[in-house]
Amino acid sequence: MKAVLTYLATLAIFLVIDLVWLGVVAKDYYRSSIGHLMGDSFNIPAAVAFYLIYIMGVMMFAVLPAAQTGEWTRAVVLGAAFGFFAYATYDLTNLATLKNWPLGLALADMTWGSLVTAIAAVTGYAVYVRL
């Protein structure tokens, strides 16, 4: 039960922060950079699948390893690393395969992935150790 509650808390914080980023803070940047590739709406099942699967990775590769050592800084570092590698996979693949994928967007997105994942991981760690 402890792992389930931690997963839900990690998911909630990641989802809220990411939706604010995508829907408010960086919305115009994404639209101006790759608007020609964006649909009128998003694919809800694919979005749900991403968030559920991604947070499982955050749990496996950042939250639980940090909880085993009792070091919150490990959650931050492992979360940032996981976010960087995951977002780099997406953005660098797009940069390599898609015509006119903006380098600036790729760099911003990889930075964002590192930051939001680190925040989610340390939040998940904090919940886990308090339960």
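Colleague: Is the crossing of α2 and α5 left-handed or right-handed?

Modeller: A crossing is left-handed if the near helix is turned anticlockwise from the far one by less than a right angle, and right-handed if clockwise. The crossing of α2 and α5 is left-handed. This is a predicted model, in which local features need pLDDT of at least 70 and side-chain atom pairs pLDDT 80 or more, while totals for chains, interfaces and linings use all residues. Residues are numbered from 1 along each chain as its sequence is written, and side-chain values use heavy atoms, without hydrogens and water.

Colleague: At roughly what angle do the axes of α2 and α5 cross?

Modeller: Roughly 145 degrees, and the two axes come within 10 Å. Axes are lines fitted to C-alpha atoms (for helices, over the stretch in contact), with angles from 0 to 180 degrees between N-to-C directions; helices are DSSP runs (H or I, at least four residues) numbered from the N terminus.

Colleague: Which residues make the contact of α2 with α5?

Modeller: Contact means heavy atoms within 4.5 Å. From α2 come Tyr29, Tyr30, Ser33 and Ile34, and from α5 come Gly104, Leu105, Ala108 and Asp109. By class they are five nonpolar, two polar and one charged (nonpolar: Ala, Val, Leu, Ile, Met, Phe, Trp, Tyr, Cys and Pro; charged: Asp, Glu, Lys and Arg; polar: the others, Gly among them).

Colleague: How do α3 and α4 pack?

Modeller: Helix α3 (residues 44-69) and helix α4 (residues 72-97) have axes 8 Å apart, at an angle of about 150 degrees. α3 is therefore roughly antiparallel to α4 (an angle over 145 degrees). Their crossing is right-handed. Phe50, Tyr54 and Phe61 of α3 are among the contact residues, as are Leu78, Phe82 and Tyr87 of α4. The contact divides into 12 nonpolar, four polar and one charged.

Colleague: What about α4 and α5?

Modeller: Their axes come within 7 Å and cross at roughly 150 degrees, so α4 is roughly antiparallel to α5. This crossing is right-handed, and the contact has 21 nonpolar, five polar and two charged residues.

Colleague: What is the volume of the largest pocket, and which residues are closest to its centre?

Modeller: A pocket is an open set of points on a 1 Å grid over the protein atoms alone, where a 1.4 Å probe fits, with protein on both sides within 12 Å along at least five of seven lines; lining residues have an atom within 4 Å of a point. Volume is the space filled by probe spheres set on the points, which are joined across faces, edges and corners. Here it is about 1200 Å³. Of 33 lining residues, Leu22, Met38, Phe42, Tyr51 and Tyr90 are closest to the centre.

Terms used:
Helix = DSSP H or I, 4+ residues; strand = E, 2+ residues; numbered from the N terminus. Parallel < 35°, antiparallel > 145°, perpendicular 65-115°, else oblique.
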